[in-house]
Amino acid sequence: MASQQDSLLNDFVSLFFPNTCVGCDEALPRGVRFVCPSCQLELPKTGNHKIEVPEFEQKLRNLIEFKHVLVYMHFHKQGIVQKLMHELKYNHKPEIGELLGRWYGAELADAGYQEEFDCVVPVPLHKSKLRKRGYNQSEGFAKGLAEALSAECLPDALIRNRANQTQTRKNRLERWENVERLFEPKEKGVLSARKVLLVDDVLTTGSTLLSCGEAVLRAKPASLSFGLIAAAR
Ligand SMILES: [Zn+2]
């Protein structure tokens, strides 16, 4: 009876707030959230767990020791990924991150990546920003990935010491120094000897991942890999 009431309520709510696809604005089939099946098929996936995309690796290569850089989708201005990122970050839809994490994690598990990681750690937000947004937009992605890869999600493994300073008009090295020691492991030992997948939403300059990755390496993991929802070439 309760479930019948729930579905009546859902029908009533969707009459006034139609549930539409973030990509194409068409009404979503019942039980489908955020992305319709045809937009899901058309997602601009990078597939870089199978075929390397050198532009992604080059942002981090020779700057930090890592195992994999895994990027789910290509970021294009005005494209579906930009719309998804906007909803995820600025429109109170943390569930989008979790959905994308589950989809990506299932693909990675199919390709044999399950053994590559035993914990998934999101890049933390500074507490002032966390308070303002109400959630860390990378945490849902970490959770979805961890679930699909049978790994542990550790959202509190790292802390962010201060809010990031503005990074415009700085060169790459200065930017890197600017964010150095921005992150610290919360407790000694929590990441030691573990195969860590550090995840963030979008890869841009790579400076945040470098700085956060350094904090993971100070905790002496077995390996460090990076996972991103999206990156621009
Ligand atoms: Zn659609």
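Modeller: Let's start at Ser150, which sits in the loop between α7 (139–148) and β3 (152–153); helices (H or I, at least four residues) and strands (E, at least two) are DSSP runs, numbered from the N terminus. Please keep in mind that this is a predicted model, where local features need pLDDT of at least 70 and side-chain atom pairs count only at pLDDT 80 or more, while totals for chains, interfaces and linings use all residues. Residues are numbered from 1 along each chain as its sequence is written, and side-chain values use heavy atoms, with hydrogens and water left out.

Coming just after α7, Ser150 has a positive phi of about 50 degrees, and this residue is not a glycine. With a relative accessibility of 60%, Ser150 counts as exposed (over 50% relative accessible area; buried is under 20%, partly exposed in between, with a 1.4 Å probe and protein chains only).

You can compare this with Ala193, in the loop between β5 (183–185) and β6 (195–203). Ala193 is not a glycine either, yet its phi is positive, about 65 degrees. A relative accessibility of 59% places Ala193 among the exposed residues.

The buried residues of α7 are Gly140, Phe141, Ala142, Gly144, Leu145 and Ala146. They pack against α5, β2 (119–122), β3, β6 and β7 (223–231), where contact means heavy atoms within 4.5 Å.

The axes of α4 (residues 80–90) and α5 (residues 94–110) come within 6 Å and cross at roughly 130 degrees; they are lines fitted to C-alpha atoms over the stretch in contact, with angles from 0 to 180 degrees between N-to-C directions. On the α4 side the contact uses Leu84, Met85, Glu87 and Leu88, and on the α5 side Pro94, Ile96, Gly97 and Leu100.

For a residue within a strand, look at Val71 in β1 (residues 69–74). Val71 has a relative accessible area of 0% and is buried. Leaving aside residues up to four places away in sequence, Val71 touches Thr46, Asn48, Phe56, Tyr104, Leu228, Ala230 and Ala231. Its C-alpha is 9.2 Å from that of Val53, 18 residues away in sequence.

Finally, a wider view. The chain has nine helices and seven strands, and 46% of its 233 residues are buried. Of the contacts between residues at least 6 apart in sequence, 75% join residues at least 24 apart.

There is also a zinc ion, whose protein donors (N, O and S atoms within 2.8 Å, or 3.2 Å for Na, K and Ca) are the SG atoms of Cys21, Cys24, Cys36 and Cys39, lying 2.3 Å from it. Along the sequence these donor residues follow the spacing C-x2-C-x11-C-x2-C. Cys21 and Cys36, 15 residues apart, both belong to the loop between α1 (2–16) and α2 (37–41). Cys21 counts as buried at 1% relative accessibility, and Cys36 does at 7%.
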